[in-house]
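Okay, everyone, thanks for making time.

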Amino acid sequence: SPQSSPSARLARPIHFRGPEEFHQGERSAMKVLYLLGITVAASSSLEDEVAMLRAEVKAQQQMAQEQQALIKELLEEVQPRQLQTYATSAELATQVAALQATDYSLGGALDSAWMCLCGALVMFMHAGFGMLETGSCRAKNASNVLMKNLVNVCVGTLGWWLFGWAFAYGSAGVSSGGNGFIGWHGFAGFDFYTQDTTTGIITPATCTSDGCQSTMLSWFFQWAFCTAAATIVSGAVAERVKSPTYAIFAFLMASFIYPVVVAWTWGGGWLATILDVGYMDFAGSGVVHLTGGVAGLAGTIVLGPRKGRFTNPEEFETHNLPLVVLGTFALWFGWYGFNPGSTLAMHDYATGAMAAQVAMNTTLSAATGGITVFILAYVITKKYDVGGLCNGILAGLVSITAGCGNMECGCAMFTGLMGGIIYTLASKLLVVMKIDDPVDASPVHGFCGFWGCLAAAFFDWGLGFTHFNGWNGFGCTPNDANNGCKGGHLNGTVLWVNFAMCLCIILWSGLISGLTFAWLKWWGGLRIDEATEDMGMDAKSHSPPKAYALA
């Protein structure tokens, strides 16, 4: 036992195993060794499996990390595109307002580019006027004719800036509380923009859903129309009016006569609301061309014919036909700013489509008017009249200017055809009445301008004669009572309104122009003397004395 002493343990008798016991023990030891071998082998196999499992787990972890990184990257890409549903209504309103402001600003930029381009095209028409008038007159007065065209633009610009814009668009509109006759706001460019009194920061325009255009943009575009109206007069009084006198009239035309007509019409005056429908003159057959044509007719009547015009007519034939043709093409080209530009905008598809419709109608009417006059001249004289062809093209252009935005192309062609006939008859009438218009300005712009206003009302593309589209272009005149189309034979009503508008323009422009020229004639400053007329104004008053040397 454990408590026994060592001597006691030594005193125990020793027992020796026999052979069987020895073999039995040997077998037991072998079993133990076998079991130990199996255990060692199993342990080695388990270690290998554990190592493999660890490698697989590590690979799975690496794959999971890569997938997490990919998911994070995708979330970063997608999140900016997701709707922020957590935004408040105030935040959403702010964001919408910012988007609208951007949209309005882009629309304003498109409008500005369009109107600046079209205004420049209209201004280029002065080159056409200069070439056509110079070629139609005698060579000895070529420099003087060119000078008057240049002076007309410069003086007319000053008149439009000082008084013209204010009289035309300075709050004359009836709907805005104006008197309906003449404006009174915006003289000399005053108050064209808003300036902060504290910081001095200038706000050129206020952007709304109706547009984003500055006053300066409208001033520039309408200036081109104003000076064009004044230039019409220069052709009618060419070769015998004194240059300083004409400069005085050009200033009056641009600063008062023409602006008052604009105030009645485009400025929203009394003609814009008469009979609850108002007038229809899209780009100015009446407002621009009739006004200028009547003023020119009054001037040439007061001045009287050029010396020898009806006794030796062969001396007054066109001296430079290439200039006439060049001027005609320049005017036709500029008319694509005159008519399509009168959409006054280009910020959506509707105005773009309207500009295209206007351009097509303008082209068809010009071509038809030119061919009509060319054929009539050949029938009458049995000769080709290139000058008549040029004026026929201009007659077609003037005739379609009022209705180019509210009639179909077939009606546009008929309008040009009638314009060519009316021009031919009016030109012959002036000769019979001994009225000397060197470039036929009044037949082209006055008579055809009158016809164009009537055509705009008669050929409106509204449904039948019941609906009238007018200023609404592709849509009908709305009926505010039922949100439908206003009926009641509006074509006839607008026809009478346009007829009344033409009469008022004739009375106003003819009366004021005639009185002005009559006063200048009485004063002795209107017409050149006979010696200067015989010599030629270039040799008398210009340096060099000839515009060019003829072979």
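So, start with the side chain of T516, which reaches the backbone oxygen of I512 at 2.7 Å. I'm calling that a polar contact, meaning a pair of N or O atoms within 3.5 Å; within protein, one must be able to donate a hydrogen and the other to accept it, and residues adjacent in sequence count only if both atoms are side-chain atoms. T516 sits in helix α13, residues 490-523. Helices here are DSSP runs of H or I with at least four residues, strands are runs of E with at least two, and both are numbered from the N terminus. In general, an α-helix has 3.6 residues a turn, so residues three or four places apart point the same way.

Is T516 buried or exposed? T516 counts as buried, because its relative accessibility is 15%. The cut-offs are under 20% relative accessible area for buried, over 50% for exposed, and partly exposed in between, with a 1.4 Å probe and protein chains only. Leaving aside neighbours within four places in sequence, T516 is in contact with F249 and L252, where contact means heavy atoms within 4.5 Å.

Quick housekeeping. This is a predicted model, so local features need pLDDT of at least 70 and side-chain atom pairs count only at pLDDT 80 or more, while totals for chains, interfaces and linings use all residues. Residues are numbered from 1 along each chain as its sequence is written, and side-chain values use heavy atoms, with hydrogens and water left out.

F249 and L252, those T516 partners, bring us to helix α6, residues 243-264. Its 22 residues reach 31 Å from first C-alpha to last, close to the 32 Å expected at 1.5 Å a residue; that expected span is 1.5 Å times one less than the number of residues. Where does α6 bend? At M253, by about 50 degrees, taking the bend as the angle between axes fitted to the seven residues ending there and the seven starting there. Of the 22 residues of α6, 17 are buried, so the helix is largely enclosed by the rest of the structure.

Now α7, residues 285-303. Its 19 residues should span 27 Å at 1.5 Å a residue, and the end C-alpha atoms are 25 Å apart, which agrees. α7 is mostly covered too, with 17 of its 19 residues buried. After α7 comes G304, with a positive phi near 85 degrees.

On to the largest nonpolar core, which has 101 residues. By nonpolar core I mean a set of buried Ala, Val, Leu, Ile, Met, Phe, Trp, Tyr and Cys residues joined through side-chain atoms within 4.5 Å. Which members touch the most others? Y258 and F338. Helix α5, residues 215-236, supplies the largest share of this core, 13 residues. Not counting residues up to four places away, Y258 touches a list including W160, F225, M253, W266 and V288.

W266 turns up again with W471, which also touches Y279, M280, D281 and F282, again skipping residues up to four places away. W471 is in the loop between α12 (441-458) and β3 (478-479), and counts as partly exposed at 43% relative accessibility. A polar atom of the W471 side chain lies 3.0 Å from the backbone oxygen of Y279. Those two are 192 residues apart along the chain, with C-alpha atoms separated by 9.3 Å.

Next, the backbone geometry. Most residues other than glycine have a negative phi, and most peptide bonds are trans. Then look at E239, not a glycine, with a positive phi of about 75 degrees. E239 lies in the loop between α5 and α6 and is buried, with a relative accessible area of 1%. D191 isn't a glycine either, and has a positive phi of about 65 degrees; D191 is partly exposed at 47%. And a cis peptide bond joins S543 and P544, omega about 0 degrees.

Last, the whole chain. It has 15 helices and 4 strands, and buried residues make up 45% of its 551 residues. Among contacts between residues at least 6 apart in sequence, 76% join residues at least 24 apart.
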